[in-house]
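Subject: The model, with some notes

Hi there,

Here is the structure I promised to send over. Please have it open while you read, and my notes follow below.

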Amino acid sequence: MSSKDVGMQPAGARAAPMGLPASPSRDDLVKQAPPGPGSGGVGWLQANMAKLVLSPSLAVTLVFVYGFIVWTVVLSFSTSRLLPIYKWAGLEQYARLWATPNWYVAIKNLGIYGGLYIAISLFLGLFIAILLDQRIRGEGGLRPIFLYPMAISFIVTGTAWKWFLNPGLGLDRVMHSWGWTSFTFDWLINPDMAIYTVVIAGVWQTSGFIMAMFLAGLRGIDNEVIKAAQIDGAPTLQIYWRIIIPQLRPVFLSALIILLHMAIKSYDLVIALTGGGPGNATELPSTFMYSYTFTRNAMGVGAASAVMMLMTIAAVIVPYLYSELRERRT
Amino acid sequence: MAFLEIDRLHKRYGATEILKGIDLDLDQGGFLVLVGPSGCGKSTLLNTIAGLEQITGGEIRLEGRKINDLHPSRRDIAMVFQSYALYPTMSIKDNIGFGLEMRKVPKAEREAAIARVAKTLQIEHLLQRRPSQLSGGQRQRVAMGRALVRNPRLFLFDEPLSNLDAKLRVDMRTEIKRLHQQTGTTIVYVTHDQIEAMTLATKIAVLKDGKLQQVGTPAEIYNRPDNLFVADFMGSPSMNLMAGTVRASGNGAMIQLAQREGSIALQIPPSVTARDLPPEKKVIFGIRPEAITDIDGADRHASQLQTIEGRVDVIEPAGSDTYVVTQLGGKEVIARMRAEASLKVGDLVPFAFNLDKALLFDPETGYRL
Amino acid sequence: MSVDAGSAAISARGPRIIIYGLLILFAVFYLLPLYVMLVTSLKPLSEIQSGNMLQLPQAPSFYAWEKAWGAACIGVTCEGLKGFFWNSIRMVVPAVTISTILGALNGYVLTKWKFRGHKLIFGLMLFGCFIPFQVVLVPMAQVLGRLGLASSTPGLVLVHIVYGLGFTTLFFRNFYVAFPDELVRAAMMDGAGFFRIFWRILLPASLPIIVVTVIYQFTNIWNDFLFGASFTSGDAAPMTVALNNLVSSSTGVKEYNVDMAAALIAALPTLLVYVVAGRYFVRGLMAGAVKG
């Protein structure tokens with residue numbers, strides 16, 4: 001599942017007016033009460049239909065998500081190499097993982113990539129949203145231009161940028177033919193710079209969506225507060241900085257969560273753009289996991305790395321989901 | 001045996017008890033209004049009658065048959081919801097006919113029933129439209145039509161007029177009353193608007209905190225409220241309630257009320273026998289605004305009228321009458337004077353108390369003496 | 001989302017030229033890769049090697065598109081992308097349909113028929129959306145193998161249903177939460193049962209969220225690479241995997257025009273959906289995104 005779309009997900013989670021029915025306020029505690037099935041006279045089937053309908057999905061989730069997580073955790077404590085072997089190995093695979101230089105490269109790259117990708121996407125998203133919020137003529141035509149990259153696959157994005165940044169035939173050649181003959185752009189094959197090409201392509205793909213989130217946030221701000229600030233004589237810049245942006249905090253949080261978990265899950269883009277190279281210059285935990293598990297016959301190490309990824313994401317997502325589901329108690 | 005009987009009804013959500021033992025009954029053709037402030041349990045009570053919420057204890061009987069374990073659809077009850085709950089994707093005709101369709105009533109019969117109800121409610125021209133194309137009043141009619149068409153044993157109304165604007169509300173109120181008179185249906189109606197309760201009901205039940213405060217005809221509830229809560233809740237503006245003390249005096253007891261300067265003494269209202277009032281007993285003296293008037297506006301048939309001087313603090317002309325605020329017993333007191341009475345703020349004017357309409361309450365228990 | 005005249009926009013007194021200039025600049029940045037892909041795919045190889053990639057093709061030809069579709073070599077077979085394209089279609093249609101139906105039912109249960117623990121169940125399903133899928137790859141591969149679904153389209157359908165359920169449930173739940181409970185109660189009093197209420201009352205009002213969910217799932221599953229790469233090989237691969245194989249194969253002369261045509265073919269279905277129904281997609285996203 002391409003992680004860009006996964007990104008929209010927590011956005012949805014934010015939106016949930018968790019559990020509050022929309023019916024106009026009624027007295028009493030009726031809002032707490034489910035319309036619930038009256039038991040009598042309708043039979044067991046009707047009364048339990050709801051649970052019955054939900055149960056396959058629940059079962060599938062328990063097995064395919066939680067069961068498999070446990071399975072992978074078990075593998076990470078086993079001696080598995082080429083194939084799964086269920087022989088206890090204690091923390092050996094974790095020790096091996098943390099003794100692998102490549103793993104450090106992957107983590108360092110994730111730090112660079114994640115940090116820049118999140119920061120630039122947030123900044124660019126907010127900036128374009130603010131620009132678009134200035135009663136722009138043709139906004140309806142511009143918005144889809146910023147948003148369309150999220151409709152396409154990371155593999156396509158990677159393929160396109162790989163060509164666009166092609167040393168020799170790509171940007172280089174364009175600049176040369178425009179007369180800037182000393183221009184070189186070799187980041188794709190430069191081990192020190194390759195990771196930044198991933199950042200560029202990643203930002204290109206996602207920032208439009210972040211822009212859309214911010215734009216919706218801006219549109220949701222109470223107009224009267226802004227009018228009041230204008231009457232108070234605040235210049236536009238000040239109004240944004242002091243009044244509007246602080247009110248966008250929930251959007252920032254949602255966007256941050258989305259970007260963070262997308263960064264950690266990034267896999268397709270690297271594969272298509274650099275294949276993890278040159279050398280291991282753009283290795284990420286996700287590519288590390290894949291290659292150690294499936295091609296380097298180190299399934300235990302791969303499982304251990306997957307567990308590390310899961311724990312990192314869980315550390316962010318679990319508190320977030322908990323607060324989202326908890327906040328608006330039904 | 002009454003038509004609808006509610007017996008020691010309890011409803012609990014976890015640790016919170018919403019209904020604390022409700023006993024109520026209603027005869028066939030009656031119009032019972034459940035009234036009370038927000039959170040009193042009146043809507044929950046209605047929902048338990050509908051079967052939309054399970055009860056924790058007690059019994060609900062319809063025509064002598066226990067219905068509390070029946071599914072809502074098997075109780076032969078129809079309900080009009082606060083938001084009208086019209087199915088947004090169905091035409092008005094389908095909305096009205098849905099219940100019949102679910103009950104597998106043949107199409108021809110269904111059509112006839114819809115046409116009949118539409119005629120009664122004068123919504124024939126709306127049948128092909130969608131709910132979203134209707135005004136609030138029209139939606140209200142459709143919601144009633146949906147209930148009527150099934151010809152159920154009992155109608156439930158859950159604050160049906162609260163989403164309408166003031167004028168429409170009055171019109172629809174009349175409409176509902178007329179409908180009830182014409183069809184003779186049995187209705188249970190929830191509202192927080194005590195005027196609605198007074199105008200519609202043949203029987204009012206006042207609820208507070210999940211307990212019945214008083215059950216009676218509108219006149220009983222209005223004129224002889226059982227306790228301070230009912231006295232205060234019913235009527236607008238609400239009843240004047242003043243703290244006072246019983247004093248022995250020459251020709252029997254009097255009630256002394258503190259005024260801004262000094263105090264005044266009022267005779268014991270005829271509603272109470274003086275025997276019940278030992279000297280120095282603290283009481284709450286209750287009298288409705290319309291029983292305090294200017295002298296010319298006083299009820300000539302009143303058996304006991306007493307005039308007291310008071311200073312005019314605020315004047316609120318309401319067109320037909322003028323409300324005058326003064327101070328008595330340490331509280332603001334509202335009097336209803338004729339619109340023609342000439343008054344100025346700060347004047348010292350006579351207030352005529354019609355003591356026939358006055359009541360006394362025990363400040364400790366809150367009950368009427 | 002339509003341009004809202006009453007929105008919070010501040011009419012900047014500042015130089016609007018700069019604002020428009022910046023917006024156009026950004027638009028160029030977002031459009032450039034697509035433009036380059038398109039012109040490259042229409043050029044012959046010689047022109048690509050000698051010219052500027054931004055130049056329009058001198059003699060546009062669909063040679064590269066035809067080759068990418070029907071004759072390019074992917075792995076050992078040289079039959080182009082067409083087979084893989086149908087693989088993806090055969091994967092997407094059932095996976096989207098089934099996961100949407102289940103999500104709608106789940107959302108209905110979780111909002112209108114709440115029972116003790118409904119929140120926990122929802123939380124569990126929701127967390128399933130966030131997990132790095134690396135953590136289920138090996139077990140899933142094993143289970144697919146045991147079920148005899150390894151390297152098959154039905155196998156991928158199963159995978160995408162399972163890991164799409166959280167999203168579809170979330171979408172429908174958030175939509176149905178705002179659906180008035182009183183309507184359900186009214187229908188119940190009218191005598192409608194569990195499925196009847198869903199079918200007659202909720203579903204007819206669900207078109208907006210169905211559109212959003214279907215588009216979302218379609219894009220998501222079409223664009224998936226990780227599962228396709230992990231659980232299929234050879235002829236059974238979906239489009240994205242085939243595209244990657246085509247582009248990254250290092251045998252023979254690198255045909256950039258064919259690569260670009262192939263990438264565009266892979267992007268076309270989702271782009272088409274976005275163009276046709278993007279309004280719904282964005283509206284759904286927005287509605288779901290930040291209405292705190």
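Where does α1(C) bend, and which residue follows within four residues? The bend is at L31(C) and comes to about 40 degrees, and the proline P33(C) follows within four residues. (The bend at a residue is the angle between axes fitted to the seven residues ending there and the seven starting there.)

Before the rest, some housekeeping: this is a predicted model, in which local features need pLDDT of at least 70 and side-chain atom pairs count only at pLDDT 80 or more, while totals for chains, interfaces and linings use all residues. Residues are numbered from 1 along each chain as its sequence is written, chains are lettered from A and ligands numbered from 1 in the order in which they are written, and side-chain values use heavy atoms, leaving out hydrogens and water. Helices (H or I, at least four residues) and strands (E, at least two) are DSSP runs, numbered from the N terminus.

Chain C

Helix α1 of chain C covers residues 16–41. Buried residues in α1(C) include I19(C), L23(C), F26(C), Y30(C) and P33(C). Here buried means under 20% relative accessible area, exposed over 50%, and partly exposed in between (1.4 Å probe, protein chains only).

Helix α4 (residues 82–112) and helix α9 (residues 194–202) of chain C pack at about 105 degrees, and their axes are 12 Å apart. That makes the two helices, α4(C) and α9(C), roughly perpendicular. Axes are lines fitted to C-alpha atoms, for helices over the stretch in contact, with angles from 0 to 180 degrees between N-to-C directions; under 35 degrees counts as roughly parallel, over 145 as roughly antiparallel, 65 to 115 as roughly perpendicular and the rest as oblique. On the α4(C) side, A104(C), L105(C), Y108(C), V109(C) and K112(C) meet F194(C), F195(C), I197(C), F198(C) and L202(C) of α9(C).

F62(C) sits in the loop between α2 (45–50) and α3 (63–70) of chain C and counts as exposed, at 53% relative accessibility. F62(C) and L268(C) are 206 residues apart along the chain, with their C-alpha atoms separated by 15 Å.

Chain B

Chain B has eight helices and 21 strands, and its C-alpha atoms fill a box of roughly 80 × 45 × 35 Å along the principal axes. Of its 369 residues, 52% count as buried.

P72(B), in the loop between β5 (65–66) and β6 (77–80) of chain B, is buried with a relative accessible area of 0%. A85(B) is not a glycine, yet has a positive phi of about 50 degrees. A85(B) lies in the loop between β6 and α2 (92–102) of chain B and counts as buried at 3% relative accessibility. There is also a cis peptide bond between S236(B) and P237(B), with omega about -5 degrees; P237(B) is in the loop between α8 (228–233) and β11 (240–249) of chain B.

Chain A

N297(A), a residue other than glycine, has a positive phi near 55 degrees. N297(A) lies in the loop between α14 (285–295) and α15 (299–327) of chain A and counts as partly exposed, at 34% relative accessibility.

Best wishes

Key. The expected span of a helix is 1.5 Å times one less than its number of residues. Contact means heavy atoms within 4.5 Å.
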